[in-house]
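Me: Please take a close look at one part of this model for me, residue by residue. After that, tell me how the rest of the chain looks around it.

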Amino acid sequence: MTEELEQILSQLTQPDNAIIQQATAQLKQAFKDPAIIPGLCAVMSGSQNPQIRQSAAVMLRLRVKKHWKKISPNDRESLKAVVLQAFMQETEHTVQHSLSQLCAVMVKHETPDRWPALLQLLNQSTKSSNPHDRQVGLLLLNKVIESNPEPFKPHYCQLLQLLRSVLEDHNNPTALYYCILTLTAITEFIGTEEMHLMRSILPNLIVALKCLIKADQNQASEAMEVFNELMESEVSVIVPHVADVVRFFLEVGSDTNLSDSLRVKALSCVTFLIKLKSKTVLKQKLLSPILQAIFPVLTAAPPPGEQDPEDEEDDSGDGTDNESPKHCAAQIIDTMALHMPPEKLFQQLMPLTQTCLASENPYQRKGGLMCLAVLAEGCADHIRTKILKSVLQTVCQSLSDSSEVVRSAGLFALGQFSEHLQPEVSTYCSELMPLLLGYLSSLNQAKVGHVTKAFYALENFMENLGADIEPYLPTLMETMLSALNNTDNLKIKELAVSAIGAIANAAKELLVPYFTPVIESLKGFLTTTTEEMRSLQTQSLDTLSVLARTIGKDVFSPLAAECVQLGLNLTNTIDDPDLRRCTYSLYSAVSIVTPDCLTPHLTAITTVMLYALKSSEGVTVETITVALVFEIFSIKTNVSISHFLFCCFQAHLEEDKAFVLLDDDDDENDEKDTEIFLEDDKGTDIHDVAGFSVENAYIDEKEDACEALGEIAFNAGILSYFSPQFPHEDVRRAAFGAMGQFCRAQHKVWKENPTEANQQALLKLLDIVVPCFLETVRREPERHVVMGVLESMNSVIKSCKEEVFKNPSRLKEISHAIRDVLKKKTPCQDSGGDEADDEDQQAEYDAMLQEFAGEGIPLVAASVPADNFFPFLNDLLPFIMNKAKSSCTVADRSFSVGTIAEILHALMSVSGGRGVAGRLSNRLLPVLVAGAKDSDPEVRNNSVFGLGFLSKVCLRDYPMMLSVFSNLLSKESDLRVIDNLCAALCRMIMSNVDAVPLEQVSLVARLPLEEDQKENHTVFSCLAVLYTHSPALVHQNISVALMRKFAQNHSAEVQAAVTSLPAQQRDSLSAAITAS
């Protein structure tokens, strides 16, 4: 059989399809012979042709992988001996590689302890004095450990000692390569015992990588994955050596003689380290060295005759899609902004930025603008409150720069500012809109790439203008409609359609006069099926969704059914994830306007969305195992609830890239093992890194499907539930948002039809969703996912209130989750380990995460009896009050007193709330009084709001509080603060009218309210109380004309207040108001 197999395998390598087909048929028959394994072993060991030996090893690997249990014990032992013998005598590297992979597959079935000969060979070869033998031994070690790291765990200490010695063999780069790959494979599994050894290896690892870079940059780039694995699994290993590690990354990232891919890998490691351990980076004084190293990368000019990728004509215009060293340098600054205190970052960063902006070199100026742009998201509060005018002036000046690359960077910066620095940026409308409209006047002359950036800036700016867009609307719409009707360039049309969506978000009903021509254009685009129109169609659907949400129900409703059918027709005829996700958004928008239009199509719509969520398309590895678990139960309500436990993905790589097996899972169909395609094997070592390669379009589709399902559930009455464990964080966040929507939807069903069955359905859903939220807060490493979870949980508590807390343990669990975030003890917060944490300085997004947690406290307070919540509230308040210190940022102070005020507000409406508020008053009153005197109007406003509620339980402090209010009223200029002062005085009067010297309180002089119209109800209720208590005083101080004005502008509130009066006073006041 040996000769026959060798002949067949030889034929499979021939460049003739007929011969290959004949050989494949023969091999199928051979695989039915029980002697196939001994035969392949003989070929693998004895053939003179290396390619045939390699093919035999691969066929054996495929056979062993699927049919190990069917192989007799004697054949297994024989195979183990033959494989090791073949490996020791083999001289061809490609065959050694395939043999090592065969051993790796066998180790998955035979643990190392049951294969002592393998351990003996590994021990001898890796310690051999012969460099080649040591290299081959490390190849085998790498493959068997990669395939199954955990069974080798008892040998890790010995293994780490071996690898440390190999790392010192700088003359054998291939050995270094396999050594580092092996380190990468075991990093996830090391324990406390191995940690010290691993730390001691770090300096050797850096030196070894420097040697490997000189020998083979591709291998070095792959080997540097060890740092990502260390940072993700055991970042504490790196911390003692962080300065050396960062210095190494910067050396590689700054070296223009190295490949871009290697430099990108090094700079990406810096980004990841800052994200995980920003406090360590600051403590080790590494901020300045990092900035000094990356600024030359950020500002480097491209080679002569070339452009930066983002400046090329076909660029998408958002400035963030290109993986290059320059992009990575900007990403490092972006990550610093998101994870470091702005005060510390700007102190080091701004001198470098200002030097660039003042340079004669256009790429220096561009770098300075890019730096300002990427700071906008993470340091928004700092920029808005301290340097907005100056940086905005710089950006505006850049729009008239002589260099197009500078103008493009300026447009990108303006777009970022418009997105993240609201509402302050919009106050510069009169200065910025003429500049942006100037770009639109030359649509046909400018390069499309540059116009794209102009539209990016214009859209982001317009979207936040609101009614202030009205003076510019005719010019804007004339330009956009002209582009739709008179321009042949599809990209310009797409940009115009997108801009109309942004205009609609601001203008809303003001856009009605232009609605018909816009819709006619969109219909024309959406009924075309040519491929080149796809991007324009996608954008048209997005804009149609925006119009549905903004133009007004009366205007859009007649088109709703047609839009739904249009979306279904598109998804039925075109297989495109971007197009599908935009139809989801359209259905979601229609569910707000006319949910009845969706009802006939709900099955079709949700089927497509659920299929998108279940699909693994776009998530690619060599082989993916997708576990999709459905838990469906029936509940006798007017809706069905499907509990869909979504996307538990476990990825592992199966085959080397030399051979692709087309196989099925039927063990009886043995001949399928022969169906292979042979590809060229160049003899290079292919290290398969387990993980995901994600196509953004499919991820975006999943994210939008989650969001749309949640919104449709709430508006149109369908429910589904996800337990999101998807690898992409944006999808996870969207799925958690949908889960919250489903709970709110079921609560809505129960409130509209309050049956026992509907309540039980809600409670069962909450018992699934809320623990999932809490577990995510405890375990999730991505900060913005936790922010989404807290936001969703807050919305559920706000809607469902006490139903959330029917489970006796839920109050404690939610309170502790909030506490952990406020204490910075969750995995997504860089606690800094044993480092001192400066409470007054933190990244703005870290503060924002804590704000999401803090917002849950008053929601819980409004949902449970106050005495039940008091022990937890008592535990949480110090973390909130600590942010009211004068040394804290304005945002922190505002959050602190605002949260306290909302807690007091909530306590007023629950059982035992006033008693709890009274017990807390001694602690809260000084904080709120200090806040009422703050330099920031928002802090003063929130403090006054809180004092108004606290006054209801602090009768003894009335004189002091009246004095504070009186002093504030005498000098306050902010209208919203004045309105809240009036409301606070009204609450004091209503709580105890006899304790307030009414003749001395200058309340009436500040009426009517100017800004905070929500407090009108409080004012009118107070006037009603005063009228009952002292009618003469009211007649004396409040003119009939003022009362009539109140009644005219706020009829419902006045009517409610008048109705609350005794009959005689009610009739008298009503007569006065209605008299002509």
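What follows starts with a single stretch and then widens out to other parts of the chain.

Reply: Some ground rules come first. This is a predicted model, where local features need pLDDT of at least 70 and side-chain atom pairs count only at pLDDT 80 or more, while totals for chains, interfaces and linings use all residues. Residues are numbered from 1 along each chain as its sequence is written, and side-chain values use heavy atoms, with hydrogens and water left out.

The stretch I'd pick runs through helix α24 (residues 473–486) and helix α25 (residues 490–507). Helices here are DSSP runs of H or I with at least four residues, strands are E runs with at least two, and both are numbered from the N terminus. S482 sits in α24 and is partly exposed, because its relative accessible area is 33%; the scale is buried under 20%, exposed over 50% and partly exposed in between, using a 1.4 Å probe and protein chains only. S482 and K493 are 11 residues apart along the chain, and their C-alpha atoms are separated by 9.4 Å.

V497, in α25, has 0% relative accessibility, so it counts as buried. From V497 to A483 you go 14 residues in sequence but 9.0 Å in space, C-alpha to C-alpha. Skipping residues up to four places away in sequence, V497 touches L484, L522, F525, L536, Q539, S540 and T543, where contact means heavy atoms within 4.5 Å.

K508 isn't a glycine, yet its phi is positive at about 50°. With a relative accessible area of 38%, K508 is therefore partly exposed. K508 also turns up among the contacts of I503, which touches M462, I469, L473, L476, M477, M480, K508 and L511 once neighbours within four places in sequence are set aside.

I503 leads on to the packing. Together with L205, F227, I290, I333, M433 and L476, I503 has the most contacts inside the largest nonpolar core, which holds 231 residues. Such a core is a set of buried Ala, Val, Leu, Ile, Met, Phe, Trp, Tyr and Cys residues joined through side-chain atoms within 4.5 Å. Another core lies apart from that one, with 104 residues including V786, L790, A817 and I989.

Elsewhere there are some backbone details to check. K285, in the loop between α15 (260–283) and α16 (287–298), is another non-glycine with positive phi, near 60°; K285 counts as exposed because its relative accessibility is 68%. A cis peptide bond joins Q422 and P423, with omega about 5°, and P423 falls in the loop between α21 (404–420) and α22 (429–440).

N228 belongs to helix α13 (residues 225–238). Its relative accessibility is 15%, so N228 counts as buried. Beyond its neighbours within four places in sequence, N228 is in contact with K265, C269 and F272.

To zoom out, the chain has 47 helices and seven strands, and buried residues make up 56% of its 1076 residues. Taking contacts between residues at least 6 apart in sequence, 74% join residues at least 24 apart.
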